[in-house]
Amino acid sequence: MTDLSHRVRLRCEGLSVDYRGRAVLDAVDVEIRANEVVGIVGPGGAGKSILLKTLPRLIVPTRGRVILDGTDLATLPRVGLAAARESFGYLFQNYALFDFMTVLDNVAFPLRQGGQCDDAEAIRRAEARLADVGLARAAPQFPRELSGGMKKRVALARATVADPQIALYDDPSAGLDPVTSSRIFKLIRQMHERIPDCASVIVSHDIDRMRPVCDRFIAIVDGRVAFDGREADLGRAPPTVRAIFEGGLVAGVAL
Amino acid sequence: MSIADWTVAPVGRATNYVLETVGGASMILWRIMRALVPPRFDGHETWRQLDRVGVRSAPIVIVTALFVGAIMVIQTAFYVNKTGATSLLGYGVGFTVFAEIGPILIGLMFSGRVGANNTAELGTMVVTEQVDALRALAIDPMRYLVVPRFIAMMLMLTLLMVLGDLFAIIGAAATAQGLIGLDWRVLIANLIESHLLDELTMGIVKAACFGVSISCISCYFGLSVSGGAAGVGRATNNSVVANATAIFLIDFLVGWLYTL
């Protein structure tokens with residue numbers, strides 16, 4: 001559960017993003033605390049994935065600030081930003097696994113590039129993380145040889161292998177069957193619990209599977225924060241947000 | 001629509017597109033130079049590219065070069081036989097193959113095979129968020145993806161040109177012996193006596209310049225892809241056209257500089 005005594009790891013202040021000529025986010029204020037799993041929900045096209053990409057500055061905000069452990073990311077030089085990004089783990093919606101590498105090399109990649117350990121240690125940790133997600137035997141295979149669910153689990157292993165302080169998951173159950181989706185969310189919770197002080201942020205439409213995993217929810221509607229709190233607080237949320245949780249709002253249209 | 005819409009506007013759009021491409025490729029070159037001093041790039045990825053770009057291109061370059069040499073002999077054979085000037089065959093073949101036809105044809109083959117492949121690969125990495133994944137892992141895509149490709153293309157196209165020159169001569173000698181009945185040793189001896197070192201170095205300089213332009217242009221189009229699979233197709237097509245144009249332009253400029 002969200003504990004307000006936990007320190008704020010990441011804060012967005014007045015974040016606005018114009019993406020490809022369209023205002024996607026408008027004055028978004030969000031806080032992510034250590035040891036909590038935050039679910040970001042909202043109708044399709046509301047700006048959830050853009051918000052997630054703005055957190056490690058993969059997208060540069062038009063206005064506003066992203067503050068990581070007290071440091072405004074916009075003030076960091078290139079080297080400082082690279083160091084700050086090492087705090088993040090990112091699971092992309094489309095897996096974003098490197099086609100030309102084996103599964104094992106994909107998972108070991110952040111460790112090798114980060115220079116945190118030697119090659120043998122990187123391989124050992126990558127193999128262990130693959131075993132955690134149940135894919136030890138897929139290590140020598142290439143991503144093209146895997147199913148969607150397996151790719152997602154490899155992406156999850158890669159996103160968490162370096163024990164990131166802030167783990168970002170963009171639609172981890174997209175295109176997966178219900179059983180695999182449940183498994184992915186369980187793995188996310190396990191990964192979160194094994195990394196001390198980790199903050200996790202999940203963007204998804206899959207409210208049912210987010211409920212047991214997320215401590216807090218942020219609802220984005222039309223590029224603005226429409227709700228920020230626990231599910232128990234939904235009573236004070238606007239009807240559009242309640243509709244999201246009841247599965248009755250798709251792409252901004254109430255069903 | 002007014003007449004200006006039919007005349008001035010397309011010229012303006014084309015000029016804008018050319019300037020945008022030249023500017024984009026120049027920016028890539030500038031950022032490569034910044035990454036090279038001091039050298040900061042991925043060694044493993046550079047080795048992978050050297051193999052992919054160079055070693056795997058060798059067969060197509062060898063085949064192209066063999067035919068270039070053979071065609072030069074066939075094209076000049078009629079006049080050589082008619083005038084009896086067999087001693088000029090080696091010079092004619094060497095001059096055209098080393099300085100002009102060899103670099104252009106091998107450059108175009110390389111651009112078609114490696115440049116197009118590079119644009120398509122980088123474009124696919126962009127649309128499947130693999131480039132974003134690199135950035136999320138605190139890795140500069142310029143240093144990890146572009147610099148190794150630049151080094152591999154410049155170095156390997158230069159080496160492939162030397163290999164191509166060698167096989168063009170083999171193709172010419174074999175054709176002279178087999179189809180025209182001219183002793184291949186006469187052709188080789190004549191070639192050596194012709195002192196074509198300037199033409200040979202000109203061809204190698206052209207190859208190095210082609211390597212630079214093919215890498216910068218193909219990386220520029222690859223990394224600026226937008227619009228999914230259709231965008232990758234468009235970028236690859238544009239990359240092939242721009243590379244071919246750049247090859248002819250560089251060929252002209254280097255040839256002209258050698259005449260000064």
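**Chat notes on chains A and B**

Me: Which residue in β5(A) stands opposite A:I67?
Reply: A:D72 does, in β5(A). Keep in mind that this is a predicted model.

Me: How do β4(A) and β5(A) pair, and over how many bridges?
Reply: Antiparallel, over two bridges. Strand β4 of chain A covers residues 63-68.

Me: What's the strand order in that sheet?
Reply: It runs β2-β1-β4-β5 in chain A. The sheet is open, has four strands and pairs antiparallel.

Me: Which strands are at the edges?
Reply: β2 (22-33) and β5 (71-72) of chain A. Each of them pairs on one side only.

Me: And β1(A), how many bridges to β2(A)?
Reply: Eight, and the two strands run antiparallel. β1 takes in residues 8-19 of chain A. One of the pairs is A:D18 with A:A23 in β2(A).

Me: What sits between those two strands?
Reply: A turn of two residues, making β1(A) and β2(A) a hairpin. A:R20 is in that turn and has a positive phi of about 50 degrees.

Me: How many bridges from β1(A) to β4(A)?
Reply: Five, again antiparallel. There, A:L10 has A:L68 of β4(A) as its bridge partner.

Me: Switching topic. How is chain A divided into domains?
Reply: Domain 1 is 1-87 + 166-255, and domain 2 is 94-163. Their centres, taken over C-alpha atoms, are 24 Å apart.

Me: What about the chain A to chain B contact, how many residues?
Reply: 10 residues of chain B touch 14 residues of chain A. On the chain B side, five are nonpolar, two polar and three charged.

Me: How many residues are in the largest nonpolar core?
Reply: It has 145 residues. A:I40, A:L168 and B:A172 have the most contacts inside it. Helix α6 of chain B (residues 141-180) supplies the largest share, 19 residues.

Me: What does B:A172 touch, beyond four places in sequence?
Reply: B:G69, B:A70, B:M72, B:V73, B:V93 and B:L187.

Me: Is B:L191 buried or exposed?
Reply: Buried, because 22 other C-beta atoms lie within 10 Å, and the cut-off is 20 or more. B:L191 lies in helix α7 of chain B, residues 184-193.

Me: What does B:L191 touch outside its sequence neighbours?
Reply: B:G90, B:V93, B:G94 and B:I169, leaving out residues up to four places away. Its C-alpha is 10 Å from that of B:A173, which is 18 residues away along the chain.

Me: Back to chain A. What's its average pLDDT?
Reply: It averages 89, and 95% of the residues score at least 70. Strand β8 (residues 199-203) of chain A is highest, at 95.

Me: Where is confidence lowest?
Reply: In strand β12 of chain A, residues 253-254, at a mean of 46. Residues 248-255 of chain A stay under 50. The model still has 17 contacts for that stretch beyond four places in sequence.

How values were computed
Residues are numbered from 1 along each chain as its sequence is written. Chains are lettered from A and ligands numbered from 1 in the order in which they are written. This is a predicted model: local features need pLDDT of at least 70, side-chain atom pairs count only at pLDDT 80 or more; totals for chains, interfaces and linings use all residues. Two strands pair if DSSP finds at least two bridges between them. Two residues are in contact if their C-beta atoms, placed from the backbone, lie within 7 Å. Ala, Val, Leu, Ile, Met, Phe, Trp, Tyr, Cys and Pro count as nonpolar, Asp, Glu, Lys and Arg as charged, and the others, Gly among them, as polar. Domain bounds come from an automatic or database domain assignment. pLDDT is the predictor's confidence in each residue, from 0 to 100. A nonpolar core is a set of buried Ala, Val, Leu, Ile, Met, Phe, Trp, Tyr and Cys residues joined through C-beta atoms within 7 Å. A residue is buried if 20 or more other C-beta atoms lie within 10 Å of its own, exposed if 12 or fewer, and partly exposed in between; C-beta atoms are placed from the backbone.
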